[in-house]
Amino acid sequence: MSTFLEVGPDATLTAMAADTPADRPVQQIPALRRDQSEATALVTALARLHVTGTSVDWAGWFTGQTGKSPRTVDLPTYAFQRQRYWLDAGPAGGGADASGLGVRSGRHPLLNAQLVSAADDVRIHGGRLSVRTQPWLADHVVWGSVVVPGTALVEMALHAGGQAGCDALDELTLAAPLVLPEQGARAVQLTLAPDEHGRRRVAIHSRPADDPRGDWTRHAEGILAPAAADAAEALTEWPPPDAAAVPVEPIYEQLGRLGVDHGPTFRGLRAAWRTGEAVFAEVALPDGAAPGAFAIHPALLDAALHVVGLTDDADADASGARLPFAWSGVALSAVGATTLRVRVERAGSAVSLTLADGTGAPVARVASLVSRPVGADQLDASGSADVPLFDLRWTALPLPSRRASGIVALGEAAALADAAVPGGLADLAEAVDAGLHAPRLVLLPTGAAPAGEPLGPTRDRLADILTTMQRWLADDRFADRRLVVLTRGAVPADDADTVPDLPAAAVWGLVRAAQLEHPGRFVLVDVDEHTDAELLGRALAGDEPQLALRDGRLLVPRLAPAEPDPTGAVDLLPDGTVLVTGATGTLGGLLARHLVAAHKVRHLLLVGRRGADAPGAADLLADLARLGAQARLVACDVADREQLAALLADIPAEHPLTGVVHAAGVLDDAVVTALTPERTAAVLRPKADAAWHLHDLTRHLDLPMFVLFSSIAGPLGGPGQGNYAAANAFLDGLAHHRRAAGLAATSLAWGLWEESSGMTRQLGAARRERMARQGIAPLGTEQALALFDASRRSRSPLLLPVRLDLVALRDLTTVDHLPAPLRGLLGVRPRRAAASGAVPAGALRDRLAGASDEDRRRMVEELVTGQVAEVLGYSSPAAVGAGQSFTELGFDSLTAVDLRNRLTTLTGLSLPATLVFDHPTPDALTGHLMAQLGPGRAAPTLLDELERLEAAFAATPPEALEELTSDETTRSAVAARLRALLSRWDGDTGAAGAAAQVIDDASDDELFDFIDSTFGRN
């Protein structure tokens, strides 16, 4: 008799005899999970059946396809016959055992394996996350999807860092939510890579666990560092005095309305209080939950965040669910907490958290946490959502208590300064030479807003400010001073601002570029009618390079995640016409296709300088036709008002204009010191002139869509792109100007696209690599188009679709090299030395001072070649030839400025922008720096040693001297040695000279014997 095993639809095993009716099972075995360990249990169960001639549907068992006909395999007729039918997983079996690779247990609930690479000390931690193996994660639901909380990623990073001696999480930026599927799991991989500062770069990725060939999705990246001294604060006075209790249940009700549903594990908020600007809370793990192997349970830390909304304005959460985005300064003082006392304080767009245990003892601190809104469309089980869309907000900062000193004004800004010079920089230079003024800050007014069209005044204003900045940078008398560029109405720092001065908006773009090229030399200030000398002086006492003064408040620009508009985007009318400028360019063509495919636009007016003669024009029209659109490609110079007016007049009435996308532009890159008014005007024309004409000729139509393709060079500054930054800042200002007038407008300040365009093609690999080191990562085409769609759901007239590498931004030389708007994302940090183990200026001088000439030369040469290698992206300073010219090495004007800035920071010297042109090889530059740093410390002279001896006597307390001199042996020995030295100085070669020689050569014991025999003992 044969017996069959069948996997039933209820996942049970049924054993039956061949001649037994199907509905009469001989024996059932409960379902077993299909993994290797339980497959072994299955064999044991089969042995217990004591069957003979049994056949098993192995294929159905392991694949779950039990509906298929069973495939039978003959088994031995004797149950204990020693013949193996399982495949051995030995060395010849394909290497399934990974122990030889060094894989070991991860000893963490979320990371169960770890591996340290042999060559470069990269540490890899792995795990599987699912609602089956970690059912408590199912209690964290956002917009209907199970999302792994950001606190779990923080916990994983801290655990991995602790294994590598880096216990503090300097920063962790979350790129995409980690969404768990309803069935199955996500394989998680955390990597730690060492850097040159003794820190660890951490990255967290995931992919479907059942798809070994699936793409990895990046969820987070950041920096771990060795923990500093414990600076966490205790919260012993509890609850805080004078704190008003806040009901807890309404907090969860509000979170639920915003799309965040917390199950029992994550519903840990027990009490909350508010006092002043701080919010306090008490959170606990639910009954039955334990911290286990977690340093801090993710659900407990997540519950500490549930009161963050109480620090916002009343309507701050109207946009929907918000998830943690950027963590900074996370450090643990204790582990295993089950309850927490929490203090939350807001600072601009970020909050800080102090965590203590139930006794008030410190547990952890979070220096800064920034959250961003997340929509339902950003969550899917593939975890592929990554929407780096930001806007520029103006955040209030406290005014310094004291005003800055040494403020001198040029021209009509006298009322805002301590003193004034009627003329320009030449007059100020003469006053400085004559000792009449010693300014620290020089105010430069830029004029009033124009009454009519702004294009001519924009050119004139930029030409004037460019000339002044170039003179300022060229004059060594101003090297240690700052030029404060004053504007009014240039930026929308307040809700009531209308940006009436578009030429001043362009000035901000130009000066932002100059700030990055020449750190510490320029300040931008936008004032209002309430600004006086006291207010301005106090504002300038801080360290902010860009600021606005509104109604007595100090406001600074900060980048923050963009918030979607809950009302959604206005749909375009299918019968309307959308005009696209720059349509024959790469980005314009991509967008035209996207408008048709994704937004159902059916009528397109495509405009380019060359029209149908442009390369790829015929293919573009054919593609659009296949997508079902009617498109016209017209040659037109949009910067020519008459040509544009004629083009608009030719749009048929049955398909009226309903949208504009202005994507045209050109580049003519140069550093500020090399720019000319002509080169600036050439870049302004296709960007600013065309945008103004499009606005002015269509403002009566009240278009539902008016999109300007700008660049991050405008709001962040573009080193080597001052003219381009000015043109794009004009576009950004125009978008605000239109919104203030009730018209639709969005300026998209794009970061770099991976797709090479006519403008970016000339960047080359070196420039792209340099941009990557400066924190600008390229956007994939699909991602960029998704960002265009996301921008249609935002209320902000200025949005920045840009992938920022915050880790690379952290490595910029000093805070002065960081674009001011990014300070909010990165948090406050001190000035520090650059990479490659370079030392601060003071420490460098100390090292040089005590070194020989040969060593000094070597150290300065290593400094120069090391920084040259970093600027050019070379793998090693050894690739830099000391005798090669900087031109041969690949330097241009922008990299020359970058090198100058780095060396200025590291040496403390004031170095000109023309440094590499004045000293054209690393060898020549090394010699120049050595001369500027001065000679090393001379060897001490005899007088120096005598002065040191006198100082030692003077520093010895009288009671100590008395004790020494009371010992006759010591007193005699010292006196004898001093007499011997004096005799040598006087030229006595007798007994004193012999004593001196003996003293020089003798040991201590011999010295005392010599004293006894020569001078006797008292």
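1. Salt bridges first: the count comes to 31, where a salt bridge is a side-chain nitrogen of Lys or Arg within 4 Å of a carboxyl oxygen of Asp or Glu. Side chains of opposite charge can pair when their charged atoms come close. Keep in mind that this is a predicted model, in which local features need pLDDT of at least 70 and side-chain atom pairs count only at pLDDT 80 or more, while totals for chains, interfaces and linings use all residues. Residues are numbered from 1 along each chain as its sequence is written, and side-chain values use heavy atoms, with hydrogens and water left out.

2. Take Arg403 and Asp418, whose side chains meet in a salt bridge at 2.9 Å, N to O. This pair links distant parts of the chain, 15 residues apart: Arg403 is in the loop between strand 23 (389-397) and strand 24 (407-410), and Asp418 is in the loop between strand 24 and strand 25 (419-421). Helices (H or I, at least four residues) and strands (E, at least two) are DSSP runs, numbered from the N terminus. Arg403 has a relative accessible area of 29%, so it is partly exposed, and Asp418, with 44%, is partly exposed too. For these labels, buried means under 20% relative accessible area, exposed over 50%, and partly exposed in between (1.4 Å probe, protein chains only).

3. Next, look at Asp433 and Arg477, a salt bridge with its closest N and O atoms 2.4 Å apart. Again distant parts of the chain are linked, 44 residues apart: Asp433 sits in helix 6 (residues 425-433), Arg477 in the loop between helix 7 (455-474) and strand 27 (482-487). Asp433 counts as exposed because its relative accessibility is 52%, whereas Arg477, at 34%, counts as partly exposed. Elsewhere, salt bridges that share partners join Asp121, Arg123 and Arg200 into one network.

4. One more pair to check is Glu221 with Arg218, where the closest N and O atoms of the salt bridge are 3.4 Å apart. Glu221 is partly exposed, with a relative accessible area of 21%.

5. Now the rings. There are 10 aromatic pairs in the structure; rings of Phe, Tyr and Trp (its six-membered ring) pair if their centres lie within 6.5 Å, and planes under 30 degrees apart count as stacked, over 60 as edge-to-face and the rest as tilted. Phe886 and Phe891 have ring centres 5.1 Å apart and planes at 75°, so this pair is edge-to-face. Phe886 is buried at 2% relative accessibility, and Phe891 is buried at 12%. Trp136, Phe266 and Phe294 form one aromatic cluster.

6. What does His695 touch, not counting residues up to four places away in sequence? The list is Phe706, Leu734, His737, Arg738 and Leu743, with contact meaning heavy atoms within 4.5 Å. His695 is in helix 13 (residues 677-698) and is buried, with a relative accessible area of 3%.

7. Finally, Thr354 belongs to strand 21 (residues 350-356). At 11% relative accessibility, Thr354 counts as buried. Neighbours within four places in sequence aside, Thr354 is in contact with Glu233, Leu235, Arg341, Val342, Arg343 and Ala364.
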